[in-house]
Amino acid sequence: MTEDPPITISQVQIPAAAHVLVSEVLSSGMLAQGPMVARLEALGAVMAGAGHCMAVNNGTTALVVSLEALGLEAGDEVVTSPFTFVATLNAILEAGATVRFADIGDDFCIDPDLVSSVVSDRTRVLMPVHLYGQPADMDRLIPIAATNGLAIVEDAAQAHGASVGDRPVGAAGLGCFSLYGTKNVTTGEGGLVTTDDDDLADRIRVLRNQGMRARYEYEVPGHNYRLTDLQAAVGIPQLESLGSINAQRSANAAKLSAGLDGIVGITVPTESPGRRHVWHQYTVRVSADAPIGRQDLMDGLARAGIASGVYYPRPVYDYECYRSHPLVRLDPCPNTERITSEVVSLPVHPGLSDRDIERIIDVSRSLLAC
Ligand SMILES: *Cc1c(COP(=O)(O)O)cnc(C)c1O
């Protein structure tokens with residue numbers, strides 16, 4: 001009997017068309033930001049249903065430049081989720097703002113009911129994180145932001161093509177997407193900012209390019225946050241097939257849930273009503289009444305050649321460098337503290353075969369059998 005190949009937690013799939021476009025760039029003699037970036041931006045605008053899309057060199061700088069375009073001043077506060085990748089927090093600190101956290105709900109995203117308690121007269125921005133590819137409850141967050149006069153910056157790094165009702169994520173204010181090597185669409189490193197606001201779009205284009213509007217006409221101190229045509233060429237065919245990439249992820253998630261639902265101590269992830277989840281991660285919760293602990297489940301899966309991961313093991317503020325940081329306010333987040341101890345993500349990427357999915361289900365079920 002041949003042994004089954006290992007199942008990885010993510011898998012990069014580059015369409016053949018990308019090889020052709022990359023060759024085109026290599027032959028063009030122009031590798032930096034140019035026509036391929038413009039093509040990628042046009043597709044990004046369509047993805048987010050937004051009037052503008054600006055490509056940048058990664059998802060973190062997408063967040064930084066968005067906050068900078070809003071003109072935040074020292075002492076201004078940004079309210080975000082404590083259940084996120086550290087880039088969300090680092091971007092706010094790099095922009096010089098103060099961070100406050102509103103706890104999450106069972107959808108793993110910021111709970112609209114808990115936002116008001118951390119909004120002060122210094123709050124300027126609400127930054128929901130569409131974690132694992134599930135949009136936050138934007139139908140409720142948008143009115144809360146409006147009532148309190150807050151700008152919205154969506155951390156949509158994991159949520160390319162997700163939507164709430166008919167509205168794709170990324171156009172509520174400023175939308176920030178990552179094109180890092182493990183995301184649903186990747187250029188290795190890269191990012192996109194989307195918005196309907198003409199002025200903010202203009203400011204971001206200038207900030208991304210050393211603060212230059214025309215050659216050697218410096219308007220503000222800026223950055224080099226540009227993406228290259230080489231990278232854009234890798235991303236264009238993926239954005240063109242985003243619908244089928246996400247449909248494959250969604251089908252894999254449905255099969256996993258059909259196989260894993262009903263196990264004592266395991267809660268399978270759900271798509272909240274009215275929201276389209278794009279399954280960047282498929283994340284179950286292992287609670288105290290499960291027959292084995294989270295680490296035992298992960299170890300057992302690893303012995304069977306199946307990778308899994310904990311995203312994320314602690315609330316993002318729960319590290320000494322942030323606990324002692326003068327710009328980080330420590331608001332209590334008991335839901336996040338509990339959920340970080342329970343989550344484990346299983347492979348859901350489009351490279352999985354039906355046989356792979358069966359193995360993930362069978363091995364999990366046998367490990368969790370009482
Ligand atoms: C990946 C990610 C980012 C940062 O993107 P990079 O492209 O890695 O800089 C920000 N927020 C979240 C939630 C992410 O998952």
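**Salt bridges and a buried helix**

Hi everyone. Let me start with a pair of side chains: Arg-208 and Glu-41 form a salt bridge, 2.8 Å from N to O. Arg-208 sits in helix H6 and Glu-41 in helix H2 (residues 35-48), so this pair ties together parts that are 167 residues apart in sequence. Please keep in mind that this is a predicted model.

Are these two partners buried or exposed? Arg-208 is buried at 5% relative accessibility, and Glu-41 is buried too, at 13%.

Next, Asp-76 and Arg-124. Their side chains meet in a salt bridge of 3.1 Å, N to O. That pair links distant parts of the chain, with Asp-76 in the loop between H3 and E2 and Arg-124 in strand E4, 48 residues apart. Asp-76 is buried, with a relative accessible area of 5%, whereas Arg-124 is partly exposed at 30%.

Asp-76 also brings us to Thr-98, which touches Asp-76 and, among others, Ile-92 and Leu-327. Thr-98 lies in strand E3 (residues 98-101) and is buried because its relative accessible area, 10%, is under 20%.

Now to helix H4, residues 86-94. Its buried residues include Leu-89, Ile-92 and Leu-93. What do the buried residues of H4 pack against? Their partners include helix H3, strands E2 and E3, and helix H10. Just after H4, Gly-96 takes a positive phi of about 85°.

Finally, the surface: Asp-196, Asp-197, Asp-198 and Asp-199 gather there in a patch of negative charge. Asp-199 belongs to helix H6 (residues 198-208) and is exposed, at 53% relative accessibility.

Methods
Residues are numbered from 1 along each chain as its sequence is written. This is a predicted model: local features need pLDDT of at least 70, side-chain atom pairs count only at pLDDT 80 or more; totals for chains, interfaces and linings use all residues. Side-chain values use heavy atoms; hydrogens and water are left out. Helices (H or I, at least four residues) and strands (E, at least two) are DSSP runs, numbered from the N terminus. Buried means under 20% relative accessible area, exposed over 50%, partly exposed in between (1.4 Å probe, protein chains only). Contact means heavy atoms within 4.5 Å. Patches are made of residues with over 30% relative accessible area and no salt bridge: like charges are joined within 9 Å, nonpolar side chains (Val, Leu, Ile, Met, Phe, Trp, Tyr) within 5 Å. Accessible areas come from the Shrake-Rupley method with a 1.4 Å probe; for residues, only the protein chains shown count as cover. A salt bridge is a side-chain nitrogen of Lys or Arg within 4 Å of a carboxyl oxygen of Asp or Glu. Lys and Arg count as positive and Asp and Glu as negative; His and the chain ends are not counted. The place of a charge is taken as NZ of Lys, CZ of Arg, CG of Asp or CD of Glu. Lists of a residue's contacts leave out its neighbours within four places in sequence.
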